[in-house]
Amino acid sequence: MRTQASSIIACDLFTVESVKLTTLHVLFFTELHTRRVLIGGVTDGAANLAWATQIARNLSEAREDRAEPIRFLVHDRDKRFGATFDEVFKADGIKPVRTPWPAPKANAYAERWIRTVRAECLDRVMVLGRRHLELLLSTYVKHYNEERPHRSLGLKPPGEPQPLRALSPDVGIVRAGTGRTPLHDLADTSQGRVDVEVIDINEPAQVAALRERLSDRRFDMLFTNAGTTNNEQTPIGQVPTNDFVTVMVTNALSPMRVIEALEDLVTPTGLIGAMSSGQGSITNNTTAGREVYRGSKAALNMFMRSFAVRQSGTARAFVLMAPGWVRTTLGGPDAHLGIEESVPNLVNVLLAKRERPGLEYLDYMGRTVPW
Ligand SMILES: NC(=O)c1ccc[n+]([C@@H]2O[C@H](COP(=O)([O-])OP(=O)(O)OC[C@H]3O[C@@H](n4cnc5c(N)ncnc54)[C@H](OP(=O)(O)O)[C@@H]3O)[C@@H](O)[C@H]2O)c1
């Protein structure tokens, strides 16, 4: 997750009213991994596509050399982030990712920063005009990037070397017999920041051995993703027992076994999550189909809820994620979303969730899914 996050930036716009009742527009960028914020521009004039595109060009020309290239830019569907704005980033090899619907929490990271800058700075000052706002923002952003402690960065400011990276390399898990996977390719190019472990999550002995191998490591995030399904149109009464057991064990029991086995390796303010599904929502089941799969994800949700209740009183965040219908082996070729549309948003939601202790059931745009 941290490897993905370190190559994602998000941008957004917000407005500020001056004492003379002029509306001032601010365009800013934030780097998901470090939380570093950059003010792109402030205007008291037309905050249109041409203005946003010019800011993008200025940034492109001033691009700093980064050890790790930016791969994705997340933004909402505001028409000021239109084609010419995106083209500037595409020319630099950055893929714009649009949040699919106008949902308030879709660009969760950037939205969170707007709340912060208002609460800690702009709500306390009468803004005189554009120049005054620029001065306020540059002072606040310097404080935010260089001095202000972040709970989810181990109380370090964004500008300091991140303890998250020092904490431990990311560990990704693949199943035995899978052979070489894209995760192996990622590990090869990660300069030691990604380790690959091989286990079958349905084998408790392998989970216990993994726990032993990781015993001297600490993680800020533990997220289980493995899942499976059966012949999806079979009504529940006709499902062979073996299929039922396989889906229920893989999707509901094994993720919780992994979580309970590895839970003590997660930091006190870390996040523990599992990949659920929108199909796990009992409220939203108005169409039937995929009955065992739905039941397994609903069971996972219930088990995770019990786990979170047992951990209440801790500062940890717990999350069940619904990634949308995604074109994967499991999702099939007709799914609405590509992995590149779902995953950067999903990472964005997970990182923002670290700020909010307690359990939530969220989709990849940060919207609450009804139980
Ligand atoms: N795609 C969607 O539309 C969608 C929607 C909602 C939720 N989800 C959830 O998203 C998660 C990822 O699914 P996906 O869409 O990426 O499907 P996928 O391409 O089929 O990936 C499932 C992954 O789970 C692994 N896995 C299955 N059983 C395992 C086991 N016993 N031990 C270790 N690994 C195991 C598989 O490993 P192998 O490669 O070795 O089989 C595979 O890498 C699942 O939990 C799924 O339910 C997907």
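Reader: Which residue of β10 is the bridge partner of Leu271?

Author: The bridge partner of Leu271 in β10 is Ala317. This is a predicted model, in which local features need pLDDT of at least 70 and side-chain atom pairs count only at pLDDT 80 or more, while totals for chains, interfaces and linings use all residues. Residues are numbered from 1 along each chain as its sequence is written.

Reader: What makes β9 and β10 a pair of strands?

Author: Two strands pair if DSSP finds at least two bridges between them, and five bridges join β9 (residues 266-275) to β10 (residues 317-322), so the two count as paired, and they run parallel. Strands here are DSSP runs of E with at least two residues, and helices are runs of H or I with at least four, numbered from the N terminus.

Reader: Why are β8 and β11 said to stand at the edges?

Author: The open sheet has four strands in the order β8-β9-β10-β11, with parallel pairing. β8 (219-224) and β11 (358-363) each have a single partner strand, so one side of each is left without a neighbour in the sheet.

Reader: How do you know that helix α9 packs on the sheet?

Author: Helix α9 (residues 241-262) touches β8 and β9, where contact requires C-beta atoms, placed from the backbone, to lie within 7 Å. The direction of α9 makes about 165° with that of β8; axes are lines fitted to C-alpha atoms, for helices over the stretch in contact, and angles run from 0 to 180 degrees between N-to-C directions. Helix α11 (residues 339-353) lies across β9, β10 and β11, running at about 160° to β10.

Note on methods
Two residues are in contact if their C-beta atoms, placed from the backbone, lie within 7 Å.
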